[in-house]
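Here's a quick look at the charged side chains and how they pair up. The structure comes first, then the notes.

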Amino acid sequence: MASWQEFEHQAAGLAGVARPLMEAYRHKVLATLRKDGSPRVSGIETSFRDGELWTGSMPGAVKASDLRRDPRMAIHVTTSAPEGDDPSSWEGDVKLAGRAVEITDREVLASFGPPGEESHLFRIELTEVVWTRVEGDELVMDSWREGVGLRQIRRK
């Protein structure tokens, strides 16, 4: 698993596109696994700090329970639809996969929120990042996978 900073070192160009898109769109979709293995999607927000990608949730949230039981997760950053008829004007979507590591250290928790506020905090460790967009008449996917590196796929 890679920290955000490690991903940036391995795939600077892709990280240079993914991070601004993630920061531009506050609301994202988190996919987790329920007890029975079926998927659950939830809205989340993320932040970058100290070379890491972070997310959290309110106390007792089912997404936090899912991540505590099985830390595998995916995040989808949806962006605005292109204006007009040119699909190439779309900035694309970003998808991340990996695992969420719960942080329970009181000092770290306090640095993220008001004192005394009980919440869940997770650091995201990455295994995959994908940026999907349209160029001309092709769907283009730039992807990074841990242990594999960068790859681009083009489809008409």
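## Salt bridges overall

This is a predicted model, and it holds 16 salt bridges. As a general point, side chains of opposite charge can pair when their charged atoms come close. A few of the pairs are picked out below.

## Helix to helix

Let's start with Arg 19 and Glu 8, which form a salt bridge with their closest N and O atoms 3.8 Å apart. Arg 19 sits in helix H2 (residues 12-24) and Glu 8 in helix H1 (residues 4-10), so this pair ties together parts that are 11 residues apart in sequence.

How exposed is Arg 19? Arg 19 is partly exposed, at a relative accessible area of 26%. Glu 8 is partly exposed too, with a relative accessible area of 26%.

## Strand to strand

Next up, Glu 52 and Arg 123 have side chains that meet in a salt bridge at 3.9 Å, N to O. Glu 52 belongs to strand S4 (residues 52-57) and Arg 123 to strand S7 (residues 120-135), so the pair links parts that are 71 residues apart in sequence.

With the buried cut-off at under 20% relative accessible area, Glu 52 counts as buried at 17%. Arg 123 counts as buried as well, at 19% relative accessibility.

Asp 70 is buried, with a relative accessible area of 17%.

Methods. Residues numbered from 1 in each chain as written. Predicted model: local features only at pLDDT ≥ 70, side-chain atom pairs only at ≥ 80, totals over all residues. Heavy atoms only, no water. Salt bridge = Lys/Arg side-chain N within 4 Å of Asp/Glu carboxyl O. Helix = DSSP H or I, 4+ residues; strand = E, 2+ residues; numbered from the N terminus. Buried < 20%, exposed > 50% of the residue type's maximum accessible area, 1.4 Å probe, protein only.
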